[in-house]
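The following exercises ask the reader to work from a sequence and its model to conclusions about packing. Each task is followed by a solution in steps.

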Amino acid sequence: MAITQRRTITHPRAVPREAVPPAEAPRDQAPRDQAPRDQAPRDQAPREPVAREAVARFQAPTHVRNVIERCRLLGLLCEGGARQLVVVHAPAGYGKTTLAVQWLHRLEKDGAVVAWLGLHRDDNDPHWFLSHLLTAVRRVLPAAADVIDDLVGLIEQNAEDVAGYTLSVLLDRIADHGGRFVLAFDDWHLVEDAEVHRALVRLLDFAPPNLCLVLTSRRRPALPLSRLRVRGQLVEIDSEALRFDLAETTEFLVDLNGLPLDGDDVARLSAGTDGWVAALQLASLSLRDCADPAALIRGFSGRHHSVGEYLAENVLDALPAGILDFLLATSVCDRLCGDLAGTLAGRADGQAMLEELETRDLFLRPLDAEREWFRYHHLFADHLRRRLERDRPRAVPGLHARASAWFAEHGLVSEAVDHALAAGDVRRATDLVEAHAMPLVEHSRMVSLLGLLGRLPTAAADDRPALLMAVAWANCLLQRTREAGAALDRVRAALPSGGDEERRSEADVVQACIDVYDDRTDRAEDLVRRSLDRAPVYRPWVVAVAANIQSFCDIHAMRYGSAQDRQRWARPFHDRVGGPFAAVYGRCFAGIAAFAELDVRRADEYLRDAVDLARESAGRRSHAAQLAAALLGELLDARGEQEEAERLLEESGELGAESGVVDFMTASYALLARIKARRGATTEAAELLAEGSRVADQLDLPRLGSAVGVERIDQLLAAGRVREARRVAQELPEGTDRPGGIGVVIDQLRSRGLAAVLSAEGDHGAAAALLEEVIDDAHRRGQRRTGAAVTVALAVVEERATRRMAAERSLAAALRAALPAGAPQLVRDGGPEVVPVLGRLVARAGAARPGGEEPLPSAAQLTALLGTMTDDRGPGAAVSFDISGRELEILRMLDVGGTNQEIARALTVTVNTVKWYLKNIYSKLDASNRTEAVSVARRGGLLTGV
């Protein structure tokens, strides 16, 4: 089984392209050893221009000739000062980008950092847009590179609320920069997706004082501009302001382009073009070698695009045939380098031709300082494509086919698919997607795969069992049960009757993976058996996931040694899989199995290995790292390392905990709530338990519901709310719905919860009987960790019943299991009622034991444990206040008892964003919970009226 992203209740849409720019992909980018025939071999590095193409959209266009300095408008921008948003909007050809670049160049001279993002149609998706935004910022903030790389990988895994979390972290890094920071978005009109618009609004709402956003657009953007204008945070420049006035027209045509025009001719051109910059540029080209400029000027008719069409035709008709052919052939691509242009035009001098076009001012703009990548002005490109369709319609499919082959050869799959579809070659496009499908899955880039598939016709994959299988895997690992099942149905329908045993076995493994995410093991072992038996000849990915599923089944059949043996056997298969995620999951399962046996040392080795592998391969913020860290946090808590355990568990829940198997969720909800409660953060603990209960109900996970319910019972009883605890205990699920060991665990948890309530109600005998039954069952099944924890609970019940000798025997048995294993917290979790029992054992530690009774741990160990259970927590260290305005706003809500949900609603953010803010507040105030944070803030004078 592979690590998945957050499990979503409502499934987000897949993005329409890879969520990572090709040359700046995350550390787990798919290999190219399964590429189509025309793709470069794996060991052949892409040519340098390809690497530059990947970053061209993140660089502002470089200076070009025959452009005048827009001093009039630059003065307006400079007068605007440090505004939060600058919007430059006008139809095509008004010089929006040119003005923006000139102003940003001035800002950079004054020390500002500028991140540029040239938008494309594929940014009409939040995941794709966020990925590009992160890459743009990463290029100019190298100190934040590691954090941003982690965020890019997280976006690819399609986590719920990934936008809110990503933008929060990104804004924090920009604020840390301190100096002026500018985010520039060119061609914002290409973005119509509502979620992307909300992401930009979030940037504006939460922008630190040093951040300015610049947008160029062909239309006025649908953003809260009025609100920003009222606050004095908006500079808006429209088409009226962008039009060349007579003085600028004269400077452009006469001074810059050297045209021999008198004042009347310039005035006619200015009036005829209405100051439209693109038309003036075309006019300058038309007039350059014109024998009768006045006649040409008189020939203008209409306005704007009719003038543009007239002038464009005039310019193109005057060109040498070779240059016109080159222009038309290369117009099918949005961006060009010399090699690509030469391939399209069938010439060896592609780079020289591009440089010639730039020299001729034919609306070709360089995209990098080295002038290796170029693009035509949008208006000119549109005109070239219309002319190509008009004059040479039969050449269009062939040109797109050449472009597709070139992009595929250089590993740029998204563009290759685009051009194959534009050529009408659906089969080739499908071949490309199929060739990259499983590498994307193995590297946990499921969003990219589903995005590529979504661009193909609906039925394109119907006869492609390999591609359909990859789709089933992607949906399974995204935990989209319905979509995964539908894909499996299509796989089976596409397979030949009675044939392709390996593919059928793989489909069974996918189904078993779906079952395990649903916390069911009743058929999973049978489903994976054939893949394990055929391991030498099946693909490593299938075998590795099958081994993980078998380990999960072994764990929940209480065959802990078998689970670890299976992972040792599977290690070579994990090592041969392209991505790390199956291996991370395997190590996690081995750690769960070892911990269940109270082999803490070995569990620690497995889980630290899992965390290290995940962080190295996928980043600290990846779900692989977060889920592995949750299990490591659970282990560290048992060892008594509570602060580190809490930190890891909080990190693992930054984007929510509805991911992976129930074991991960239990740690992130039930255990973290217990840790919070120990520290007195009862409100946070209650919120965690409420969220865990909601997830258990919505995803139909009774084992999670049981674990959360038992923890809630303990916390209610600690608060003296016995009646509420009784109601929770009565609602605990029974294990009849989950056959096998999972059902056993559910019943064990139910017995523990009922026993706690019975004892609180005074029926200690019934409580002890239930716990003794669980202990006997746990010992019989080899559940040493469960047995030790329940034995401590039994000792508490026996102490309450004044059965002191029985309590000592029970606690002694738990001590013999927990202390040598290095898990003292299992004893501490018995609470203050364990202290007198432990005290009596310490007092008699040196006395002779009755014959046949196993010795206790040393007196020194017992005394040390007793000391940790009686020490009070000392006062916090001195704090350093660096609270932002938003954090102070949250502190004020905490002060009046606001819950995370109430704060989220008030601030119009998600609960996870509130949690992220709270984590920062606690760190700054050296507090461990909201009560401490409010107290420290009061003492420090942060809260008024105190």
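**Exercise 1.** Which residues form one aromatic cluster with Phe552?

*Solution.* The model is a predicted one, in which local features need pLDDT of at least 70 and side-chain atom pairs count only at pLDDT 80 or more, while totals for chains, interfaces and linings use all residues. Residues are numbered from 1 along each chain as its sequence is written, and side-chain values use heavy atoms, with hydrogens and water left out.

Step 1. Apply the criterion: rings of Phe, Tyr and Trp (its six-membered ring) pair if their centres lie within 6.5 Å; planes under 30 degrees apart count as stacked, over 60 as edge-to-face and the rest as tilted.

Step 2. Phe552 lies in helix H27 (residues 540-555) and Phe589 in helix H29 (residues 581-596), 37 residues apart, so the pair links distant parts of the chain. Helices (H or I, at least four residues) and strands (E, at least two) are DSSP runs, numbered from the N terminus.

Step 3. The cluster consists of Phe552, Tyr585, Phe589 and Phe664. Phe552 and Phe589 are both buried (under 20% relative accessible area; exposed is over 50%, partly exposed in between; 1.4 Å probe, protein chains only).

**Exercise 2.** State how many aromatic pairs the structure holds, and classify the pair Phe129 and Trp188.

*Solution.* Step 1. There are 12 aromatic pairs in the structure.

Step 1. The ring centres of Phe129 and Trp188 are 6.1 Å apart and the planes stand at 75 degrees, so this pair is edge-to-face.

Step 2. Phe129 belongs to helix H4 (residues 126-140), whereas Trp188 sits in the loop between strand S3 (181-186) and helix H7 (194-205), 59 residues apart. Both Phe129 and Trp188 are buried.

**Exercise 3.** Determine the strand order of the open sheet of five strands and identify its edges.

*Solution.* Step 1. Two strands pair if DSSP finds at least two bridges between them. The order is S2-S3-S4-S1-S5, with parallel pairing.

Step 1. Strand S2 (113-118) and strand S5 (234-237) are the edges, as each pairs on one side only. Neighbouring strands are turned by 10 degrees against each other on average, direction ignored.

Step 2. Strand S1 (residues 85-89) and strand S4 (residues 211-217) pair in the parallel sense over five bridges, and Val88 stands opposite Thr216 in S4.

Step 3. Helix H3 (residues 96-109) packs on the sheet, touching S1, S2, S3, S4 and S5, and its direction makes about 160 degrees with that of S4. Axes are lines fitted to C-alpha atoms, for helices over the stretch in contact, and angles run from 0 to 180 degrees between N-to-C directions. H7 also packs on the sheet, touching S1, S3 and S4, at about 145 degrees to the direction of S4.

**Exercise 4.** Against which helices do the buried residues of H38 pack?

*Solution.* Step 1. Helix H38 (residues 764-781) has 18 residues and reaches 26 Å from its first C-alpha to its last, close to the expected 26 Å (1.5 Å times one less than the number of residues).

Step 1. Its buried residues include His764, Leu771, Val774 and Asp777.

Step 2. The buried residues of H38 pack against helix H37 (741-760) and helix H39 (784-800), where contact means heavy atoms within 4.5 Å. Just after H38, Gly782 takes a positive phi of about 80 degrees.
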